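Please keep the sequence and the structure in view while reading.

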Amino acid sequence: MSDIFHAGISGARGRMGRAVSQVLDAREDVVVAARFDRGETVDLKLCDVIIDFSTPEASVALAKACAAAGGPALVVGSTGLTPEQEAEIEAAADKIAIVMSGNFSLGVNILIGLVEHAALRLDARDWDIEVLETHHRRKVDAPSGTALMLGEAAANGRGRDLKELRRAPYDGITGPRETGKIGFASLRAGGVIGDHTVMFASEDEMLTLSHSAMDRSLFAKGAVAAAAWVRNRRPGLYDMQDVLGFRQA
């Protein structure tokens with residue numbers, strides 16, 4: 001089996017598509033076999049894997065087409081998918097290997113794995129969990145999707161659903177903190193790309209796990225790492241925890 005693989009880029013003219021192109025073009029083990037956007041046709045046989053940062057509708061259509069053709073594998077980074085669209089991509093993963101994630105940063109996904117393992121080992125009766133995130137002033141949603149992923153990892157570590165453990169933001173007279181709950185705090189300022197911190201605090205000590213994004217190219221690098229990993233996998237729906245080895249693939 002050759003070490004060189006052929007990759008396609010869906011959403012190639014978008015911001016993330018251009019970033020992925022730059023990362024792929026700098027690698028000697030990749031041939032970029034196709035660059036295309038929604039509405040454009042592509043010969044799927046040219047590619048071992050396609051990295052998709054397009055739109056929810058285009059991602060679903062691409063997943064269906066790849067599944068019908070028996071390949072190639074997919075890395076899906078499109079955001080804003082509805083539960084129904086996610087279910088359609090999951091159905092396509094019965095036929096092909098797909099990595100889908102809301103954040104392809106390698107560092108963030110290492111952080112997610114560490115948070116889940118820490119929550120598993122630190123007793124909820126003694127350790128409080130708080131998730132803090134900071135982003136640029138133009139971000140319109142809070143908490144960030146990544147902060148929620150971190151909260152879900154903490155809840156998973158405790159064997160619970162985040163919906164059960166998430167507490168409302170602190171504001172006014174809130175009363176004592178509820179044992180076992182997971183709190184969130186959001187800051188918006190300047191041009192911050194993204195900072196995320198998860199704090200585990202007991203009466204005696206505090207453990208802080210954090211990640212800071214310094215360049216948006218990190219998301220493209222993570223997506224390319226996922227593509228190199230998934231191109232030879234069996235059909236199934238994977239995420240970055242699989243890519244990084246936190247779960248047995």
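Helices (H or I, at least four residues) and strands (E, at least two) are DSSP runs, numbered from the N terminus. The model is predicted, and for that reason local features need pLDDT of at least 70 and side-chain atom pairs count only at pLDDT 80 or more, while totals for chains, interfaces and linings use all residues. Residues are numbered from 1 along each chain as its sequence is written, and side-chain values use heavy atoms, with hydrogens and water left out.

**Strand β1 and its partners**

- Five of the six residues of strand β1 (residues 5–10) are buried, so β1 is largely enclosed by the rest of the structure; buried means under 20% relative accessible area, exposed means over 50%, and partly exposed lies in between (1.4 Å probe, protein chains only).
- Strand β2 (residues 30–36) runs parallel to β1 and is joined to β1 by six bridges, where two strands are said to pair if DSSP finds at least two bridges between them.
- Within this pairing, Val30 of β2 is the bridge partner of Phe5, and Val31 of β2 stands opposite His6.
- Strand β3 (residues 49–52) also runs parallel to β1, joined by four bridges, and here Ile9 stands opposite Ile51 of β3.
- Together with helix α1 (residues 15–25), β1 and β2 make a right-handed β-α-β unit; right-handed means that, with the strands pointing away from the viewer, the path from the first strand over the helix to the second runs clockwise.

**Nonpolar cores**

- The largest nonpolar core has 28 residues, of which Ile51, Val75, Val99 and Val230 touch the most other members; such a core is a set of buried Ala, Val, Leu, Ile, Met, Phe, Trp, Tyr and Cys residues joined through side-chain atoms within 4.5 Å.
- At least two residues of this core are supplied by each of β1, α1, β3, β4, β5 (97–100), α7 and α8 (240–243), and the largest share, seven residues, comes from α7.
- Apart from this core lies another, of 23 residues, which includes Trp127, Ile129, Val131 and Leu165.
- As a general background, nonpolar side chains in soluble globular proteins tend to be buried together.
- Not counting residues up to four places away in sequence, Ile51 touches Gly8, Ile9, Ser10, Val20, Leu24, Val75, Ala223, Val224 and Ala227, where contact means heavy atoms within 4.5 Å.

**Helix α7**

- Helix α7 (residues 217–230) has 14 residues that, at 1.5 Å a residue, should span 20 Å, and its end C-alpha atoms are 20 Å apart, which agrees; the expected span is 1.5 Å times one less than the number of residues.
- The buried residues in α7 include Leu218, Ala220, Gly222, Ala223 and Val224, and also Ala226, Ala227, Trp229 and Val230.

**Helix α5 and the annotated positions**

- The 13 residues of α5 should span 18 Å at 1.5 Å a residue, and the end C-alpha atoms of α5 are 18 Å apart, which agrees.
- Among the buried residues of α5 are Thr146, Ala147, Met149, Leu150 and Gly151, and the elements covering the buried residues of α5 include α4 (106–121), β6, α6 (162–165), β7 (182–188) and β8 (194–201).
- UniProt, in an unreviewed entry, places the feature "binding site" at His136, Gly145 and Thr146; its positions are given in the numbering used here, feature names are shortened, and annotations may be inferred rather than shown by experiment.
- Gly145 is found in helix α5 and is partly exposed, with a relative accessible area of 39%.
- Thr146 also lies in helix α5, but is buried, with a relative accessible area of 9%, and touches Asn103, Val108 and His196, not counting residues up to four places away in sequence.
- Gly159, whose phi is positive, near 70°, follows α5.

**Cis peptide bonds**

- Most residues other than glycine have a negative phi, and most peptide bonds are trans.
- Gly71 and Pro72 are joined by a cis peptide bond with omega of about 5°, and Pro72 is found in the loop between α2 (56–69) and β4 (73–76).
- Gly71 lies in the loop between α2 and β4, counts as buried at 16% relative accessibility, and touches Leu44, Cys66 and Ile96, not counting residues up to four places away in sequence.
- Gly71 and Lys95 are 24 residues apart in sequence and 7.9 Å apart in space, C-alpha to C-alpha.
- A cis peptide bond also joins Ala142 and Pro143, with omega of about -10°, and Pro143 lies in the loop between β6 (128–135) and α5 (145–157).
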